[in-house]
Amino acid sequence: FKGGDTCEYLLSSGRFLGEKVWQPHSCMMHKYKNSEAKNCLVEKHIVFIGDSRIRQLFYSFVKLINPQVKEEGNKHGNIPFEDKSASIKVDFLWYPEVNGSMRQRIKSWTESSVAQPHIIVAGAATWSIKIHNGSNEALTQYKINITSIAPLLEKLAKSSDVYWVLQDPVYEDMLSESRKMITNEKIDAYNEAAVRILNSSSRNSKAKVKVFSVSKLIAQETIMKSADGLHLPESSRDTNAMILMNVYCNKIMKPIDGSCCQPQPPLTLIQKLAFFFFTFSIIGYLIINLIHRNNFRKNKSCTDLESGEEKKPAISTPNVSTLEMLLHSFCKLGLIMTYFYLCDRANLFMKENKFYTHSSFFIPIVYILVLGVFYTENTKETKVLNREQTDEWKGWMQLVILIYHISGASTFLPVYMHIRVLVAAYLFQTGYGHFSYFWIKGDFGVYRVCQVLFRLNFLVVVLCIVMDRPYQFYYFVPLVTVWFMIIYATLAIWPQIVQKKANGNCLWHFGLLLKLICLLTCIYFLSYSQGAFEKIFSFWPLSKCFELNGNVYEWWFRWKLDRYVVFHGMLFAFIYLALQKHQMISEGKGDPLFSNRVSNVLIFFSIVSFLTYSIWASSCKNKTECNELHPSVSVVQILAFILIRNIPGYVRSVYSSFFAWFGKISLELFICQYHIWLAADTKGILVLIPGYPMFNVLVSTFIFVCVAHEISQITNDLAQIVVPKDNSTLLKRLLCIAGFFSGLLLFSAMQDQSRH
């Protein structure tokens, strides 16, 4: 509400998350790597001018460019640094007092004959306090000197970034005898003078000297860890240097997780067209609704004054037309997308970095598990992986994944490995569910394919347009979409083998197994042939869907990470349906799946397998190595869970309606979290209510879940209209959709050309 100047917040306010993670007020700070720092500062000249504290900041800043730099050389002299590969020059100039010498150096930069630095970081005061034994005369002279320097700094600020670093507090108990006169009271007086004098002549001008006051807040928390009571510990200096890097580089590099100092991105052509479309939909719906209301009032029943009886209306209330339903859905969707845009593209709401603690992840997990148990009901059917059970499975997995994302638990490897299994379990259900449908129903019609593709992709396509993000950014939807098409192609191509045909001749079962073996061979080949995989998905227009940051590596990595689990789901469905057909399992209410002895043995091995995997995942030390093993072993825990959940008759006969409710909107929850629960494309957390973290999470979660539920209903309503059962109507709709995507590709190409 105070405005969108996140740079000012970054330089002046914030708090610590834990011991070392600094959180600026209202925005997110990016952690710059050496390569990023070099790209930002290429051909730049940066000058640090001041005392020993500024020298410390200089070294921390230089180490962001080259971590190998050592703090050596003349402490009371100038120190140069140059990175020839990126043509970066960073100089420290030793001017421990604000005096005539410092003024002369600063004045030289204002003269046209001298090259002006791109960034100037200045600050000094403690030496003046020390040399003059903290006298009031020294403070008066400091005010005079800084008054003479201020116009020069303001002149430089018109074309350069100029920062004045306020003096950090000291830890008086640790100061040596020669520094005892440097008190926090004196430092506050010097800081107050600097703030009052700087920018006094250009308060309403854009050319301002930026006051770097956040260092004071950082020092207040960490100065007691100082070695001498005067100089900051290394971690605090590094934080200050990272803040400087964010202030200057975020507007240049535009990192996703660095919202501080980033201007609001301009609307693209496609976003503008989407805005007009939703606006016209809202206006159109309001007009139709108004007409219907007027018609309803005209035909409303009125009281016969003579008889005192009500007369029935001559015309009954008309049914909702297709056009009205369409406009109503787009009207709601337009309002929801406005909220999406305001949350994650406009600088209206605050965003904060994630910070992981064990309690922030495990306490909510225990809480939702207890809630889930309280909402236990009987299932309508007691088959293995019945509808209520799969909804429940999706629901609790989605809730765990949401908590994993908001708590930043990806930094804790054991949790990361278990979450990988949950993502794999979603894909396992994709293989199991679609295979079962095609195998039992034998329905390979276009209607079924279009229905599935529409329900999977509708929300993501809208978000790609509104949020200006590539399709691959929402990686899970492309993943399940491609796997659905692979399952469809595997079973639909000649010879089409379905259960009805296989029941007539057992040899068809072997034919299907042969198809599955061919599929497994193709998966194995593509997983070890990155070149072949990238060639397939680099063809236009596929490349427009699967490229991220100019290449398809991210798509290959995501696909490879769970490459076998869909096949495992298909194979499990085939074996289960074969056992069910031959009545080798008992699925009656309360009955164990197998005989008591077999059931007990299978449950024992399932529990051991489940725990063994968890122990292995918890002992992981290297993410890359564990990711290599994950595709082959994740199915162990998935199968173990299915057997534990389904072998006992009572366990199979009940389900949690709480988890099942979330399971029905799990896809919408997974996608919506990117922008209206998390922030900065999942890198941070959306802050609707600053200063109250728990209350903020409750409010943002409530809105987030309601929006996901509403989008699920909108998708179902539109699916009936966009994908009708009548083949001729469906063909016309498909031609319209093809035209829509052709136009989208054309506008996208125009956007890319204008950007380049």
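Which residues are buried in H12? The legends below take up this question along with other views.

**View 1. Overall fold of the predicted model.**
This is a predicted model in which local features need pLDDT of at least 70, side-chain atom pairs count only at pLDDT 80 or more, and totals for chains, interfaces and linings use all residues. Residues are numbered from 1 along each chain as its sequence is written, and side-chain values use heavy atoms, with hydrogens and water left out. The protein has 29 helices and 13 strands; these are DSSP runs numbered from the N terminus (helices H or I, at least four residues; strands E, at least two). The C-alpha trace spans about 100 × 80 × 55 Å along its principal axes. Of the 756 residues, 51% count as buried, where buried means under 20% relative accessible area, exposed over 50%, and partly exposed in between (1.4 Å probe, protein chains only). Among contacts between residues at least 6 apart in sequence, 77% join residues at least 24 apart; contact means heavy atoms within 4.5 Å.

**View 2. Helix H12 and its surroundings.**
Helix H12 covers residues 358–374, 17 residues in total, and reaches 25 Å from its first C-alpha to its last, close to the 24 Å expected at 1.5 Å a residue. The expected span is 1.5 Å times one less than the number of residues. Phe361, Ile365, Ile368 and Gly372 are the buried residues in H12. They are on the same side of H12 because they cover an arc of only 75° around the axis, the arc being that of the directions from the helix axis to the C-beta atoms. Ile363, Val366, Tyr367, Val373 and Phe374 are exposed on the other side of H12. The buried residues of H12 pack against strand E10 (376–378), helix H13 (387–407), helix H14 (413–441), strand E11 (654–656) and helix H26 (657–664).

**View 3. The six-stranded open sheet.**
The strand order is E4-E5-E3-E6-E7-E8, with mixed pairing; two strands pair if DSSP finds at least two bridges between them. Strand E4 (79–83) and strand E8 (210–212) are the edge strands, each pairing on one side only. From one strand to the next, the twist averages 15°. Axes are lines fitted to C-alpha atoms, for helices over the stretch in contact, and angles run from 0 to 180 degrees between N-to-C directions. Five bridges pair strand E3 (residues 45–50) with strand E6 (residues 119–123) in the parallel sense, and Ala122 in E6 is the bridge partner of Ile49. Helix H3 (residues 52–65) packs on the sheet, where H3 touches E3, E4, strand E5 (88–94), E6 and strand E7 (161–165), and the direction of H3 makes about 165° with that of E5. Helix H9 (residues 234–253) also packs on the sheet, touching E3, E6, E7 and E8, with its direction at about 160° to that of E7.

**View 4. The E1–E2 hairpin.**
Strand E1 (residues 14–17) and strand E2 (residues 21–24) run antiparallel and are joined by four bridges. Arg15 has Gln23 in E2 as its bridge partner. Three residues lie between E1 and E2 in this hairpin, and Gly18 in the turn has a positive phi of about 75°.

**View 5. Ser543 in helix H20.**
Ser543 is found in helix H20 (residues 542–546). Ser543 is buried, with a relative accessible area of 9%. Leaving aside neighbours within four places in sequence, Ser543 is in contact with Phe537 and Ser538.
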